Amino acid sequence: MASGLTRGPAVYAISRRIGFYVLTAIAAVTITFFIPRVIPGNPVESVLSHAQGQIITRQTLHALQLQFGSNTTEGLWGQYVHFWSNLLHGNLGVSTSNGMVPVAAVIRGALPWTVGLVGTATVISFILGTLLGILVAWRRGSWLDTLLPATTFFQAAPYFFLAFLAIDLFAIKLGWFPPERAYGQLDFPAFNWTYISDVLDHAILPALTIVVASAAGWIIGMRNVMITTMDEDYVLIGQAKGLPKRRVVWYAARNAILPSISGFSLAIGFVVSGALLTEIVFSYPGLGFLMLTAVQDADFALLQGIFLVITLGVLVANLAADFVYVFLDPRTRQEA
Amino acid sequence: MAIGNSTDLDRAQTADLLELYPNASARRRRRRLPRSPKVLIGLTGLLAFLVLAVIGPWIAPYDPSQTFSTTVSFPQPPSAAHWLGTTQQQQDVFSQLLAGGRSTILVAFVAGLIATVLSVVVGVAAGYFGGLADDLLSMLANLFLILPALPLLIVIFGFLPPSQGSDDVLIGLIIAITGWAFGARVLRAQTLSLRTRDYVDSARITGERGWRIIGFEILPNLIPILASSFLFTVLYGVGTYTALAFLGLVNPNHVSWGGMLFYAQVAGAEQSGYWWLFIPPGLAVALLGTCLALLNFSIDEFINPRLRAAGLSRRRARRAGVTGAERLPRRFVLGVTPVLRSVPPAGDHRGPAGENLSHGGTR
Amino acid sequence: MSTYQPSQPLLEVRGLCVDYGAGPDAVHAVVDADLVLHRGEVLGLAGESGSGKSTLAYAITRLLRAPGMITGGSVGYHPKPGTTVDLLAANEGTLRVLRWSQISVVMQSAMNALNPVLSIGAQLTDVLQAHQPDLGQAERQARAGELLAMVGINADRLGSYPHELSGGMRQRVMIAMALALEPQVVIMDEPTTALDVVTQREILEELMELRERLGFAVLFITHDLSLLAEIADSIAVMYAGRLVERADADALFRAPRHPYSLGLLSSFPGLHGPKRRLTGIPGSPPDLRQLPSGCVFHPRCSYAMDRCRTETPALLRLPEAGRAAACWLQDGSAVPPPELAVSAPHGPSAPAPDLARSQP
């Protein structure tokens, strides 16, 4: 089955997707470039007014003006080129809310927390939701169907509301888990068990919130696809062949997973957004929290940087999903 | 062939029988929305919220922004005077809850409307015209689909000066720009499949103009999907607007459920157990969302008949008054046709000199 | 023809009734069907779309999809003379053992019936794995290769996926799959309808060859009577869920007894013989939810009598052995028109089967 992956059509399919993602990245950068220039108001002034008490060198001022396009002598195209060249050098500007530290450094500090929490929670949620969806579809007409409206509630409830509930219930009232942060305030980051277990302890509640909030979507999605798939002739033939039930379910699920993976690509943006909000409620030191402070302190450079990093992450996740899809569906490896 | 029965089980049959009689054109087939509990709950809930949006601020006992005390600095728990307690600024939470629905619902519906219009224009055009137009429009849709919506909106609203951030319609418009892409894709796919149907071809051959074909042959058949797409986008609008308000990105002086959650966060509500600050608004958003999702669910089942309860479970059979229902399996088992032995109504499917139905027996 | 053992019934269907849905609004898709399939026989089940022929066939093996349900009658399977398995009373376990090893199915569209994400080798070996667990991996592969060779496909295609094969090859794979466990009955649901005529012919010929070799019985469902002319031993004609005529193939073609069969036969031209006007059958098949009173065919029947409008004829056994027709013209009280009373041939290779057996 894997032999097809290196064949022409598969490579072609993936290359097309990569091309599209590059295009999207360019679009994202361009949009980020234009927003401060299109929106009414003077972003640089806002930045300056919020950055009271900080020392702003002439260089920094010039850099800000270039980045946001106000009061600068360079033409639009020149600014755009400058923007890109900075970007490609890893220069995302200077974070005015964090003591003029480079944005890239600030993001680098927060990124591992987000990747760890959101990444793991999303994967767990997808796997769990998919398996439950298969179960609910297979056991149609049983009591499991009555759970479906409940899952719509969880799907509709905002992530941060569930986070509030989780904290109130599990952290405050029951005291099972810590209510905020990624590790105890008196802890020092180190690679020993106390630190790691503390991190895990703090991560459980936010992760649980993300999983509960997003699993509902996977469950319902997978259930719907499974039901449609179970109507296919090859599933009936599977039954006609007298195959054990588990085999027949596997045959159906193996096909149903494909649209589900496409759905994953679509939903990843939503899940990431929701996860960021959850981080904020938990004061988890990831990108979400960073985003909040950036907004409050009008640190536009940081805001832009975070947006670009998140977009990049989503694109990478999409690419991974595409690889999985091509691996699982032999039809994509055929000449169109 | 008009088929208009109201029981669930007839719906399932009808859908299969439609396969046997493919001659009926889509226009003549009349299908009705099933009257299941999901639809009723969703619909009544939604209507209740819409009513609330209109009359909310008028029936609120107090002005939502009125502060009741300048000496107390902690949020007060629910009491007789303030049914849901007060905020940290000593404002009545209940009044805020009633008044806050308006902007949330308004923004969400504006977003839904604009996004649906955009998705129809892009999706149907891409599906109907095909070729280069399709390629470009599809790429545009995919672009907006992939760009993470909330971070983008945070950037936009972050740069937006606060004065602009209180215009609900503008907010709705901006949210719509990030939310039209999904509907466009679905509509495009559906238009593509409809375009190849016979009655569209025949309309084209008899010389109907493009836009007339779109208007009269294609659009009517897209209505269920349009409705689903609209509801989905409104749901998205509710969630997104609440999130933006929660982050303090839209004018905080404007009462909204998201804004209430923002202040709850500021007051450290979850850490200190001030549950009346975050449960009412959060629950309101969740319930509104659930009603929308339930309605959407029902429309999904309407569009795809297979999603409705298939076959005959014991419960349904009993409801339908079938004798011998006890011998049915409790739930639907794939791949094993149930055998139901019931005595048929007299004279129905037996000839006068016919074979005896009980011929053959059981074992 | 040589494998046909008329004295040994293999599958006996008596009074089968199949409904879609239940309750007062149920649709009666099959009413009172009586069929017997003998060892090695090719029984053609003919009828228009919506006549219930597929419903009947799938109901026999309990493979009918929801909301179909069996509401009456019996289906007895005799794997060996003297033993009977009641298919309607069988539980899942019994069905699972019987299925494919005794009765297999070939569907109309191989593209839909083959799992698109599995190789055809996997789809051939999975039945071996399920029903013959003693076979090792290598043996299974070898057997799968044999099966492909049997239908004329090179064994090196075992790793191919369904979408990589042509339509005709896919259908062949389906046939090979159906014969994997050497069943006694193969139900074929319009197996060649989706193919072009040339491929159709090839496949039918291969099929008949395989039948000669392996000796299985076939329940061949089709709307195309001309196909049955060549391959069927006996034919059952269905209309609106009812069996309206049953006869040897020869007898049916030369001497139909039911006006519907007559109409069907007049609907396609013969290649030889004098030119004649194609008549067809006026009207269209009835809506199963609003069947005509009395004989379901009477609105379209040019020989309808008053009696036909009020009384539904059962499948009446005719004086000639092995024939039955559901028509009041044949019950002895009226004189059938000459075209419905042609004397039936008694071919030397078609001994009169006793389809009249009605023991439970």
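I began with helix α6 of chain C, residues 167–178, which has 12 residues and spans 17 Å from its first C-alpha to its last, close to the 16 Å expected at 1.5 Å a residue. The expected span is 1.5 Å times one less than the number of residues, and helices are DSSP runs of H or I of at least four residues, strands being runs of E of at least two, numbered from the N terminus.

I noted that this is a predicted model, in which local features need pLDDT of at least 70 and side-chain atom pairs count only at pLDDT 80 or more, while totals for chains, interfaces and linings use all residues. Residues are numbered from 1 along each chain as its sequence is written, and chains are lettered from A and ligands numbered from 1 in the order in which they are written.

Is α6(C) enclosed, or is it open? I found 10 of its 12 residues buried, so α6(C) is largely enclosed by the rest of the structure; buried means 20 or more other C-beta atoms within 10 Å of the residue's own, exposed 12 or fewer, and partly exposed in between, with C-beta atoms placed from the backbone. Among the buried residues are C:Arg170, C:Arg172 and C:Met174, and the buried set packs against β6 (103–106), α3 (110–113), α4 (120–131), α5 (137–150), β7 (185–189) and α7 (197–214) of chain C.

Next I looked at chain A, where α6 (residues 148–156) and α8 (residues 193–230) pack at about 130° with their axes 8 Å apart; axes are lines fitted to C-alpha atoms, for helices over the stretch in contact, and angles run from 0 to 180 degrees between N-to-C directions. The two helices are therefore oblique to each other, given that under 35 degrees counts as roughly parallel, over 145 as roughly antiparallel, 65 to 115 as roughly perpendicular and the rest as oblique. The residues that meet include A:Phe154 of α6(A) and A:Ile219 of α8(A), contact meaning C-beta atoms, placed from the backbone, within 7 Å.

I then turned to the interfaces, and recorded that 55 residues of chain B are in contact with 56 residues of chain A. On the chain B side, α12(B) gives the largest share, 12 residues.

Lastly, 20 residues of chain A are in contact with 24 residues of chain C, and α9(A) gives the most to the chain A side, with six residues.

Technical notes: Two residues are in contact if their C-beta atoms, placed from the backbone, lie within 7 Å.
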